[in-house]
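Subject: structure for you, plus helix packing notes

Hi,

Here's the structure I promised to pass on. Have a look at it first, then read on for what I found.

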Amino acid sequence: MTSIHRRGLRVGAAPLLAALALIVPARAHAAPVLRMSADGHITRTQDPFVPAGLPTPAPAPAATAAAARPKKRKPKPQKTVSSELKRLLKIHAISSSAYATYNGAWNAALHTQRHLHGTPARELEAVIENMHNIAVAGKLTPGRLPVLFLTLGYNRQWWATGHVPSAGSYVEFAGSELVWEYYAGQGIELQVLGTFGKADGLYTAGA
């Protein structure tokens with residue numbers, strides 16, 4: 001997933017934003033966010049385009065490996081993120097360069113997690129486990145790879161700093177207009193309503 005292209009929003013997002021206006025409450029105050037710069041520095045600020053007080057239901061966890069395994073049958077070798085990436089490469093569903101990028105990001109996240117301690121280690125481990133379960137369930141599809149690995153990469157970047165925000169904190173990263181949220185025990189995940197609320201604010205402001 002890449003940052004939201006503002007010109008594209010002006011052209012194609014008006015009907016969607018009109019519908020979202022029914023579910024995104026009017027912005028009374030700008031939301032407080034934690035913003036990570038390109039060099040990993042974290043600052044607390046206010047984002048005038050993100051509406052405060054949005055409902056923030058926790059994302060549903062991925063299917064567990066036990067649920068994905070067939071019952072009363074000889075178990076097949078368990079799928080892993082690495083094996084699924086190799087499979088996608090073999091069937092030409094992803095390019096060799098994409099495979100190298102994703103596999104490198106996966107190994108980097110595993111390496112980082114092994115060197116963390118306490119809450120940062122547990123949070124990154126939860127994100128890694130979630131991706132593992134997605135792979136086991138056979139849902140690591142080419143279309144999902146960009147957002148899954150963006151989530152993994154941002155979590156690796158964030159937790160490597162050792163900074164633990166308050167549960168429910170909004171998080172942003174330099175170079176992206178996407179809004180994320182810290183769900184304690186699940187790491188940092190995309191905040192969909194916050195992102196659409198910000199898109200609406202940018203569109204309305206003509207930014």
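Let me begin with a contact: on the α5 side, Y102, A105, W106, A108, A109 and T112 touch L145, P146, F149, L152 and R156 of α7. Sorted by class, that contact has nine nonpolar residues, one polar and one charged. Keep in mind that this is a predicted model.

As for the geometry, α5 covers residues 96-114 and α7 covers residues 145-159; they pack at an angle of about 30°, and their axes are 10 Å apart. Since angles under 35 degrees count as such, that makes α5 roughly parallel to α7. The crossing of this pair is left-handed.

A bit more on α7 itself: from first C-alpha to last, its 15 residues reach 21 Å, close to the 21 Å expected at 1.5 Å a residue.

Helix α6 (residues 118-136) has an axis that comes within 9 Å of the α5 axis, and the two cross at roughly 145°. This crossing is left-handed. From α5, the contact uses W106, A109, L110, T112 and Q113; from α6, it uses A121, L124, E125, I128, M131 and H132. The class count here is seven nonpolar, three polar and one charged.

Cheers

Technical notes:
Residues numbered from 1 in each chain as written. Predicted model: local features only at pLDDT ≥ 70, side-chain atom pairs only at ≥ 80, totals over all residues. Heavy atoms only, no water. Axes fitted to C-alpha atoms, helices over the stretch in contact; angles between N-to-C directions. Helix = DSSP H or I, 4+ residues; strand = E, 2+ residues; numbered from the N terminus. Parallel < 35°, antiparallel > 145°, perpendicular 65-115°, else oblique. Left-handed = near helix turned anticlockwise from the far one by under 90°. Contact = heavy atoms within 4.5 Å. Nonpolar A, V, L, I, M, F, W, Y, C, P; charged D, E, K, R; others polar. Expected span 1.5 Å × (residues − 1).
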